[in-house]
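Hi everyone, thanks for having me.

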Amino acid sequence: MAERQPSSLKRLTNAANYSRQGFIQAYHGEAAFREEVYLALVLIPLACLLDVSSVERILLIGSVLLLLIVELLNSAVEAAIDRIGSEHHELSGKAKDMGSAAVLLAVTIIVLTWGITLF
């Protein structure tokens with residue numbers, strides 16, 4: 001007999017719990033993610049207080065959220081690579097470097113977005 005699929009609500013609940021666990025693991029295990037969360041806790045409320053258009057506000061907040069997303073993905077790549085093994089491998093190094101480059105681009109987007117919007 002086929003196993004019964006969980007309901008949509010149950011799948012949504014499970015997904016929310018996995019996401020919560022991911023946030024907690026990233027916050028406790030990744031110093032860079034913690035620092036970026038602190039940055040978000042300053043910049044997002046600031047974006048809400050600034051006298052800017054709705055589109056500018058969305059861009060300011062979106063750039064900060066994008067950084068958090070990219071950092072989570074970078075951390076996931078690093079964790080998966082570290083799971084494979086600790087010995088140096090060229091492809092592992094490439095993947096980690098590319099993840100780091102993605103984070104740098106996300107930081108650049110924040111600097112450009114906030115800089116152009118405010119100045």
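Predicted model: local features only at pLDDT ≥ 70, side-chain atom pairs only at ≥ 80, totals over all residues.

Residues are numbered from 1 along each chain as its sequence is written, and side-chain values use heavy atoms, with hydrogens and water left out.

Let's start with helix α2, residues 31-49. Helices here are DSSP runs of H or I, at least four residues, numbered from the N terminus. α2 has 19 residues and reaches 28 Å from its first C-alpha to its last, close to the 27 Å expected at 1.5 Å a residue (that's 1.5 Å times one less than the number of residues).

Which residues of α2 are buried? They're Phe33, Glu36, Val37, Ala40, Leu43 and Ala47. Buried means under 20% relative accessible area, exposed over 50%, and partly exposed in between, using a 1.4 Å probe and protein chains only. The cover over them includes α1 (8-29), α3 and α4 (90-118).

Now the packing. α2 and α3 sit at an angle of about 170°, axes 9 Å apart. Axes are lines fitted to C-alpha atoms over the stretch in contact, and angles run from 0 to 180 degrees between N-to-C directions. That makes the two, α2 and α3, roughly antiparallel, the word for angles over 145 degrees. By class, the α2 and α3 contact has 16 nonpolar, no polar and 3 charged residues. Nonpolar covers Ala, Val, Leu, Ile, Met, Phe, Trp, Tyr, Cys and Pro; charged is Asp, Glu, Lys and Arg; the others, Gly among them, are polar.

On to the rings: the structure holds 1 aromatic pair. Tyr27 and Tyr38 have ring centres 6.2 Å apart and planes at 85°, so the pair is edge-to-face. Rings of Phe, Tyr and Trp (its six-membered ring) pair if their centres lie within 6.5 Å; planes under 30 degrees apart are stacked, over 60 edge-to-face, the rest tilted. Tyr27 is in α1 and Tyr38 in α2, so the pair ties together parts 11 residues apart in sequence.

Last stop: is Ser63 buried or exposed? Ser63 is buried, at 4% relative accessible area. Ser63 lies in α3 (residues 54-84). Leaving aside neighbours within four places in sequence, Ser63 is in contact with Ile109, Ile110, Thr113 and Trp114.

Terms used: Contact = heavy atoms within 4.5 Å. Parallel < 35°, antiparallel > 145°, perpendicular 65-115°, else oblique.
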